[in-house]
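Have the structure open and follow along.

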Amino acid sequence: MISDYGRGSNVRQRREKTRRAREQFMIFVLLLALIPTILCVVLFTKQAQLRGELDTMEQKLERYEKNGPGSGQSGVLPVQTPEPTPTQEATPTPVDKTAAGNGEAPEMETGQQPSQPPVDTVATPFPSPTPGAPESGEASPTPTLAVDPVTGELLPWAEKKIYLTFDDGPSSYTDELLDLLSEYGVKATFFVTGREDEDSLRLYKRIVEEGHSIGMHSYSHKYDEVYKSVEDFEKDFTKISDLLYDTVGYVPDLYRFPGGSSNSKCKKLTIQPFITYLMEHNMRYFDWNVENGDATGVTYTVEQLAQNVLDGVENKKTSVVLCHDTNAKKKTLESMKILIPALQEKGAQILPITKDTPMVRHVKPANE
């Protein structure tokens, strides 16, 4: 009896092992069948995502092509270049603008006033700007010259045109600066760099929505990258133009070189190949002929920053004023509370850069 029981127990154990082996085999077969299915689902999902991105890129390309014949440059809306028109343009003598901090102006000894190129410029006609650029593309309306309310005579600076420009933003002070400009009813020009955080994207939009002009100041503002080669310049240009197109709905036709066109950072190349690239893409580049001094390496007071501008514009009919909008330029913001009322009191016209703004360029294109 015991022997039969033992044999029966062995049979049951073998059957149990066989059953477990069969279950494990079935699970293994099921997994082999599921893995390809899961991979197919993942691949189909990825394919759908890529197709959506491709459709978006095709739509963007169509918009580019509609705004300019022969497009194909990402981030650029080309316009046919008209026949050049002879112009008379006097520009400041090129000066080495090696940055002391931002690379926008030469270093100076303490107490020295910023350099003030003495000669005014004359407007140079350029191709029509990117459609949808409200300020850089439209001519400024004929201004009503400011008069003395008592005598009825023109105020002393009524015929002066002042273009306040702010480089390197957006920053933590941009909102306050825009609030201040709105308070005084003033429009300015912002040459911005590339930032893709939510607050910066909001500020790009606010600048445009409030009627200011917006221009490109490179994406990275890193000289060694921007000026390494024309190809690297193009990559940077495309990146900032794409960012602004996606954010504000158009590519501005305004550009300011990091350090200005007379900067000394183009070690292997002169500035001319980069100027040529901008001209081929119907861009206007602006330097400046007045500085507030906030990037000269001199520690000016708020009052001195304002006075630097007042001194600089005094003997000019047209002044493009260089200021900065960075997290380190709180004094620049505060100086506007002195400068703007002082300019308005004298009757000066404070304007954003538009297509009829006289171009101030430290270095002209080689063919001019």
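Predicted model: local features only at pLDDT ≥ 70, side-chain atom pairs only at ≥ 80, totals over all residues.

Take phenylalanine 233 and phenylalanine 257: they make a tilted pair, 6.1 Å centre to centre with 40 degrees between the planes. This pair links distant parts of the chain, with phenylalanine 233 in helix H5 and phenylalanine 257 in the loop between strand E4 (254–255) and helix H6 (272–280), 24 residues apart.

Then there's phenylalanine 237 with tyrosine 277. Their planes sit at 80 degrees, so this pair is edge-to-face, and the centres are 5.4 Å apart. It's another link between distant parts of the chain: phenylalanine 237 belongs to helix H5 and tyrosine 277 to helix H6, 40 residues apart.

| Residue | Relative accessible area | State |
|---|---|---|
| Phenylalanine 233 | 0% | buried |
| Phenylalanine 257 | 0% | buried |
| Phenylalanine 237 | 0% | buried |
| Tyrosine 277 | 6% | buried |

Tyr223 has something else going on: the charged end of lysine 265 sits over its ring, 5.7 Å from the centre. Elsewhere, lysine 160 lies over the face of tryptophan 157, at 5.4 Å from the ring centre.

## The cores

Phe257 turns up again in the largest nonpolar core, which has 58 residues; Phe257 and Leu164 touch the most other members. Helix H5 (residues 230–248) gives this core its largest share, seven residues. A second, separate core has eleven residues, among them Tyr163, Leu322, Leu351 and Met359.

## Helix H2, side by side

Now look at helix H2 (residues 174–183), where the buried residues are Thr174, Leu177, Leu178, Leu180 and Leu181. They're on the same side of H2 because they cover an arc of only 160 degrees around the axis. Ser182 and Glu183, on the other side, are exposed. What covers the buried residues? Strand E1 (161–167), strand E2 (189–192), helix H3 (198–209) and helix H8 (330–345) are included in that cover. After H2 comes glycine 185, with a positive phi near 65 degrees.

## The whole chain

Zooming out, the chain has eight helices and eight strands. Of its 368 residues, 45% are buried. Its accessible surface comes to about 19,300 Å², and 55% of that belongs to carbon and sulfur atoms.

Methods: Residues numbered from 1 in each chain as written. Heavy atoms only, no water. Helix = DSSP H or I, 4+ residues; strand = E, 2+ residues; numbered from the N terminus. Buried < 20%, exposed > 50% of the residue type's maximum accessible area, 1.4 Å probe, protein only. Areas by Shrake-Rupley, 256 points an atom, 1.4 Å probe, with all protein chains shown as cover. Arc of directions from axis to C-beta. Contact = heavy atoms within 4.5 Å. Core = buried A, V, L, I, M, F, W, Y, C linked by side-chain atoms within 4.5 Å. Phe/Tyr/Trp six-rings, centres within 6.5 Å; stacked < 30°, edge-to-face > 60°. Lys NZ or Arg CZ within 6 Å of the ring centre and 35° of its normal.
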